[in-house]
Amino acid sequence: MRNCSAGSYADTLGTEECKPCEAGSYQALSGHVACLPCTEGHFCERGASTPLICAAGTHQSASGQSDCLLCPDGHACKAGAVTPERCVAGSKVSAAKDACKPCAAGEYQDADLQSMCKPCEAGFSCAAGAAQPTPCSKGTFTDATMAVKAECEPCVAGSYQDAAGETACKACPIGSYCTRGSSAFLLCDKGSFRASTGATAQSDCAVCPAGSACPTGATSHTPCGPGTVTSADGEGVCSACEAGKYQSAFGQTACTWCDAGSYCLARSSAPRACSPGEISAAGSSSCTACVAGEFQSSSGQTACEACPMGSYCPAG
């Protein structure tokens, strides 16, 4: 008497030979009267002594099977798979259909059950495994020349971007400067100016020269008008000439004393002659009336005259 070998069985008395296990079943031990159903994720050929694992790219969800099924589209089946894995957004099926692979950096996939990922569009970035492109934030961009748009690039110094999802940065305008990654331009400080685009720092804004004024964000220096001056570099506003002084020209650094025989109010652009009956010394802000007993019949005079005999002169 001999025992039936593995992969076979004898289920009746007095048999002369053993029967091979049917396809879809197996028997790992000798001397048995029956075979076992092939397990899930495996297949069994006729006479099998052990289940064979389903190859990568195939699956088997039922027991007692003699072959494996191809993995359906949009799914992955690793070796020995019982149930296909559904590839979700942000991934794709591998070429061997044995795994769902995350989309590479610079790619995305917004749908399930896909075999390819999409390239990230300009103005967006896509990290590895992205299901949707991410718009570049303010101060950053991506463009069509970038082969892999995994991250958005910051705007270079001298440029800025004030909107999201953009493909380029804007040149920093005149009167301002932009540091690296700027989402807005910064105005040149009061007392400085910038006449060209692309400044990268406050140091690129020129100092306003004496005789001129530069408000915040100035694109050029503005000469001070008559009646005003700046005495030093780097001024934001022109100062009015004080009373008793004047300035008749543009772009000057100092005011001039008012001439004798005239007067100058604050911010004067020219002396004003004293009227008849009045006089003044140099640097006067007003004229003085002649005292009683004196007179002055002309304008713009510096002294009064004694009243002649045979007449009288009240004050002024």
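This is a predicted model: local features need pLDDT of at least 70, side-chain atom pairs count only at pLDDT 80 or more; totals for chains, interfaces and linings use all residues.
The protein is built with zero helices and 36 strands, and its C-alpha trace spans about 180 × 30 × 25 Å along the principal axes. Below is a quick tour, from the whole chain down to single residues.

**Overall shape and surface**

- The radius of gyration of the protein is 49 Å, whereas a compact globule of 316 residues would come in near 20 Å.
- If you take the contacts between residues at least 6 apart in sequence, 31% of them join residues at least 24 apart.
- About 17,000 Å² of the protein is accessible surface, and carbon and sulfur atoms own 54% of that.

**The largest pocket**

- Rolling a probe the size of a water molecule over the atoms is a handy way to see where empty space is left.
- The largest pocket comes out with a volume of about 260 Å³.
- Its lining is made of 16 residues, and the ones nearest the centre of the pocket are Arg2, Cys4, Ala10, Thr12 and Thr15.
- By type, the lining of the largest pocket splits into six nonpolar, six polar and four charged residues.
- Threonine 12, one of those residues nearest the pocket centre, sits in the loop between β1 (8-9) and β2 (19-20).
- With a relative accessible area of 48%, threonine 12 is partly exposed, because the exposed class starts over 50%.
- Histidine 32 is 20 residues from threonine 12 along the chain, and their C-alpha atoms are 11 Å apart.

- As background, most residues other than glycine have a negative phi.
- Lysine 97 is not a glycine, yet its phi is positive, at about 60°.
- You'll find lysine 97 in the loop between β11 (91-93) and β12 (100-102), and its 26% relative accessibility makes it partly exposed.
- Leucine 113 also has a positive phi, near 60°, and is likewise a residue other than glycine.
- Leucine 113 belongs to the loop between β13 (107-108) and β14 (118-119), where it counts as partly exposed because its relative accessibility is 32%.

**Two buried spots**

- Glycine 236 is in the loop between β27 (228-229) and β28 (239-240).
- Glycine 236 counts as buried because its relative accessible area is 8%, while the buried class covers anything under 20%.
- Beyond four places in sequence, glycine 236 touches Lys190, Gly191, Ala213, Cys214 and Pro215.
- Aspartate 189 and glycine 236 are 47 residues apart along the chain, but 8.7 Å separates their C-alpha atoms.
- Lysine 245 is part of strand β29 (residues 245-246).
- Lysine 245 has 17% relative accessibility, so it counts as buried.
- Not counting residues up to four places away in sequence, lysine 245 touches Cys255, Thr256, Trp257, Cys258, Cys264, Leu265 and Ser268.

**Two loop alanines**

- Alanine 164 is in the loop between β19 (159-160) and β20 (170-171).
- At 46% relative accessibility, alanine 164 is partly exposed.
- Setting aside neighbours within four places in sequence, the contacts of alanine 164 are Cys136, Ser137 and Lys138.
- Serine 5 is 159 residues away from alanine 164 in sequence, and the C-alpha to C-alpha distance is 73 Å.
- Alanine 260 sits in the loop between β30 (256-257) and β31 (262-263).
- Alanine 260 is partly exposed because its relative accessibility is 38%.
- Leaving out residues up to four places away in sequence, alanine 260 touches Ser280, Ala281, Ala282 and Thr302.
- Glycine 175 lies 85 residues from alanine 260 along the chain, with 44 Å between the two C-alpha atoms.

How values were computed. Residues are numbered from 1 along each chain as its sequence is written. Side-chain values use heavy atoms; hydrogens and water are left out. On a 1 Å grid over the protein atoms alone, a cavity is a set of points where a 1.4 Å probe fits but cannot get out, and a pocket is an open set with protein on both sides within 12 Å along at least five of seven lines; lining residues have an atom within 4 Å of a point. Grid points are joined across faces, edges and corners, and a volume is the space filled by probe spheres set on the points. Ala, Val, Leu, Ile, Met, Phe, Trp, Tyr, Cys and Pro count as nonpolar, Asp, Glu, Lys and Arg as charged, and the others, Gly among them, as polar. Helices (H or I, at least four residues) and strands (E, at least two) are DSSP runs, numbered from the N terminus. The radius of gyration is taken over C-alpha atoms; the globule rule is 2.2 Å times the number of residues to the power 0.38. Contact means heavy atoms within 4.5 Å. Accessible areas come from the Shrake-Rupley method with a 1.4 Å probe; for residues, only the protein chains shown count as cover. Buried means under 20% relative accessible area, exposed over 50%, partly exposed in between (1.4 Å probe, protein chains only).
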